[in-house]
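Welcome, and please open your viewer. We will go from stop to stop, with something to select at each one.

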Amino acid sequence: MPPALFHSAIRMSLFIRGLLALPLLALGALGALGARAGEAEPPKPVEPPAETEKPITTASGELGDLLKAWWKEGSAAGNVGDRYDNRDRTHSMLNLKPYPQLVLHPYTEQERTMRADWALQGRILPGIVFGNSSTSAGMTGGGSNPRHAYSTPRGALLLYGQYRKNNLYMYPEHRDHDPAPEGHGDVYPLNTPYVLISQGSSGTDQPFMRAVPFALAAFRPEVKKKLADEGFLMPTLQMLLRRTNKHIKDDAEYLSGKAHPTVFEGAWVDPLAMVKLAHELTLETLPPLVQLKVLEESEPKPWIDYFDPHPSERLAETPCAIGRVFRGPARERRMVVSAAESRDLNGKPLTFRWVVLRGDAEAIRIAPRNEAGSEVELVVPHHPRRPSAGPGSIESSRVDIGVFAHNGAYWSAPAFVTFFALDQELRAYDAQGRVLEIGYDAGPVELKILNWGRLLALLAPEAGDCAAKLLKETLGATAAEALAKLSAGYEPLREKAAEADRLAKAADAARNEARKAEDEARKRAAEAKKKAEAKPAPAAAKTGADSKTTESEQAPDAPDADGVAAKQALETAEAALKTAQAARAEADKAAGEARKVADEAQAAVNAFLDSKPEGLDGSPRALLTRALEGLLRDPEFYPARQAELDAAMKDNKKAGPVGPARKLLAAYRIVKSADGPFELSPLRAEGGTLAERLTPYERMQLERFNLILLTQVLYPGLLSGSAATAYVDPRISVRKTWRDVYRHDAQGRIAGFTRYTEDGATEFHADGWIVSEKDELGRPTRALKPDYDQAQPKDPRQRYPNFNPITFKAAEDARTYAYAGEDDLIGTGTDVKPEPKPAEAAKTEAAQGEGEKTGGEKTGASKTEEPKDLEGGEKEPDRPPEDEKDQVTRRLGSAPAYFPCSAARLSRSRNASSAAASGFSPASAGAVLSSSSSRFVAPSASVSFASSSWSAFATAANSCAWNV
């Protein structure tokens, strides 16, 4: 067939496929929805290109030459029928010039008004589409576009639909994947092959966007058509990108965490290698597709094993990404997973490789259950936050297991099984793997030195107060004496650096003023020029007889005195502008020189602190940091010196926080009492030294106490610190401020737990009810149902994020327990029917309930004004103001049901079956919580879920994102 006819046939085939493309059956409703799906126009069929003979590319170099040659010979499909979808309103727009055949996806005015062209793509577009959106919310205000989708089962399902229907999107991580101290590490609860996430903010998606259309164009026409028809196109594209990244050398590295991080660096992308590998594929050598299915797994029960308003631990239940959140107390999760439904388009037999991409590979067990490895048993222990392996190592609490299929020619794109642990929790288990405690509201404790000079001065022989003695003692006599001698050389350097920095700041201020003056002068010159052009200056004056002209002889348009004045004003303004420009240039030069001097002075200070004097085993910076960190992490720091430290705190106004901090330690039973001797009470009574017996949570709370002593009492102004709660997306887990300590029966089963809060201890039965009565053996005989609640943010417009902690109290519902024998510590519970209330009380309660329904009109309660939806009101700016939190507050005036932690009351119905027990399935597409109040359900109560359309999800993602 001649090349021209061959290309025409391929184009027609692509056009017909675009017309016939349908959403996935499981996503039927989702595929047609936009940010406001019920109002948006449906996607229109892909129109054939107006010019069928456009060149495949205008790119030069080897890549461009290859594509042009393949197009000429008919072995490259080109970008005919491909579309590019920009979803940040050209903020990070792909330059379409190198891709003449590529078409920009259009949006109607109605869609733009409804923000259906903005941020996370909430639809599945027909045909072959790739796109991007360099937008994001603030890190604690919802995060990047992928995190919006990753934080709910519904989002993962939508992304899978795009993946299999030839849609691929690229989004920056913005603040969701940054190392400490600037960031919070990797906060993504999932890893999937469904999107491409770039490291950084605006524009970091560009390398991926430039490479993708080249690879799409390089596929052989018959290969591209087959891949698109079967839903294998984007999985194959993901394989090409990951396999050809510049830092991946061979298949061994491709089958490792090095090739499959959560977030990718743009510098890794190799477009030429992608193009070559794409063109290498033939109909006989197409890569397979892994599809997973969970056959068995252990599942904890909500409000019994964990205390979050989520029906299960299931976060993603899709064929290429399975995600779980560690919520229950068990140390390990067991799961049997099958990849038997994986496909090869040529029916070739497949072999499988299951690889730990992230996590402790020695602690994770992967046991194949057949020869091909298509079915395995996974046993994954709880993973606290730890540095991840691979390039750009970053802290994470997620385990990633990659699944790959091989058909004899190529490895597939990865499928993932992930387990995400909550950073706000610190857990302890015994040698048998039984949970001892889960402590909540946890986070790292960090110390920072503010004033090195004053610390060094404390080492002088004459310094003898408590702070000086303690520092000398901790450093040791030799190091303390040596550093005391060095301190004399530090102060002149510090003073010089401080003065240089002051001068640099003054020069910066002068430069800013000079720039303002230049801007004002330029503005005045522009205005003067405009006036001069409107009033031309007169020509040269005539002399002699020629100058004697009558008024009637003068030209009607001769310039007047205003024109002369305008010209003079212009000359004056231009002269002032030149003066201002010269002053600005001089100020720039002075500021640059001053900053250089300041940087050199600071470098001298750092060189002093980092130098290693003879006879010492470290620099002044290292020795002082090590000493103070040792005090911070020492659990016996205070009890070993209590008398001396108490004397230092006497009459010390800054010691105020110490008392409340110690009371909290006593309330949590980490110390025995809130006053008197500071005696530790570790949960583990035996097994090693005191420090070895302490649980991670006990150690963290003691570090928080030590931080107060160091920064407030001993070294105020010299040290600062942080003891913030670790960040967890409130859509994944709500905040809790308590410590649960567990007890077990002889078989190792949880028999109950004691919850410690700042208000005291509460004992719970194993079924999660509050113990109210016990028998002579200390076993519960009666318990009350707990009622969990979460206060809404003070601003009624801000329903998300809600970082308020949940609280609990005993309700009226009761349960009694009977035991089979003395060794039975759990027993059998029987619900007690509440006693009928007097008629008058019932009548009053009914009236109150009716008043609630009518906004409080019948009970005298004030009506709460519903938050207004800002979508239909004044248009929000595309870029955020300086305060990201305020921007999120305004943007999320009407938080949708998609955000579970802004969820309101979950209604209880004794006669309905528990939705919590049913869990999530792809058929239900991830039911979401109702959003009218904040009451959470206690154990055994049923949960009413509101089935929210995908439009609510897309609205949430689109309304809280801005250009980054």
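Predicted model: local features only at pLDDT ≥ 70, side-chain atom pairs only at ≥ 80, totals over all residues.

Start by selecting lysine 663, which lies in helix 18 (residues 658–667); helices (H or I, at least four residues) and strands (E, at least two) are DSSP runs, numbered from the N terminus. Lysine 663 is exposed, as its relative accessible area is 57%. The cut-offs here are under 20% relative accessible area for buried, over 50% for exposed and partly exposed in between, with a 1.4 Å probe and protein chains only.

Residues are numbered from 1 along each chain as its sequence is written, and side-chain values use heavy atoms, with hydrogens and water left out.

**The whole chain**

Zoom out for a moment. The chain has 24 helices and 34 strands, and 52% of its 964 residues are buried. Among contacts (heavy atoms within 4.5 Å) with a separation of 6 or more, 72% are between residues 24 or more positions apart. The accessible surface comes to about 43,400 Å², and carbon and sulfur atoms hold 52% of that; such areas come from the Shrake-Rupley method with a 1.4 Å probe, and for residues only the protein chains shown count as cover.

**The cores**

Next, select Leu67, Phe219, Leu237 and Leu292, the residues with the most contacts inside the largest nonpolar core, which has 110 residues. Such a core is a set of buried Ala, Val, Leu, Ile, Met, Phe, Trp, Tyr and Cys residues joined through side-chain atoms within 4.5 Å. Helix 7 (residues 206–218) is its biggest contributor, giving nine residues. Setting aside residues up to four places away in sequence, leucine 67 touches Ile56, Thr57, Phe214, Ala217, Ala218 and Val275. A separate core of 70 residues includes Leu459, Leu631, Ala666 and Ile708. In soluble globular proteins, nonpolar side chains tend to be buried together.

**Rings**

How many aromatic pairs does the structure hold? There are 26. Rings of Phe, Tyr and Trp (its six-membered ring) pair if their centres lie within 6.5 Å; planes under 30 degrees apart count as stacked, over 60 as edge-to-face and the rest as tilted. Select phenylalanine 326 and phenylalanine 419: the ring centres are 6.3 Å apart and the planes at 55°, so this pair is tilted. It links distant parts of the chain, with phenylalanine 326 in the loop between strand 11 (321–325) and strand 12 (332–338) and phenylalanine 419 in strand 19 (residues 415–420), 93 residues apart. Both phenylalanine 326 and phenylalanine 419 are buried.

Move on to tyrosine 742 and phenylalanine 753, another tilted pair, at 5.4 Å centre to centre and 45° between the planes. Tyrosine 742 is in strand 24 (residues 739–744) and phenylalanine 753 in strand 25 (residues 750–757), so the pair ties together parts 11 residues apart in sequence. Now widen the selection to the cluster that ring pairs make of Trp303, Phe307, Tyr440, Trp738, Tyr742, Phe753, Phe764, Tyr788 and Phe808.

Select arginine 327, in the loop between strand 11 and strand 12. Is arginine 327 buried or exposed? Arginine 327 is buried, at a relative accessible area of 4%. Its side chain makes a polar contact with that of aspartate 308, at 3.5 Å. A polar contact is a pair of N or O atoms within 3.5 Å; within protein, one must be able to donate a hydrogen and the other to accept it, and residues adjacent in sequence count only if both atoms are side-chain atoms.

Finish at aspartate 423, in the loop between strand 19 and strand 20 (426–429). Aspartate 423 is buried, at 13% relative accessible area, and a polar contact of 3.0 Å joins its side chain to that of serine 397. Arginine 385 is 38 residues away along the chain, yet its C-alpha is 6.6 Å from that of aspartate 423.
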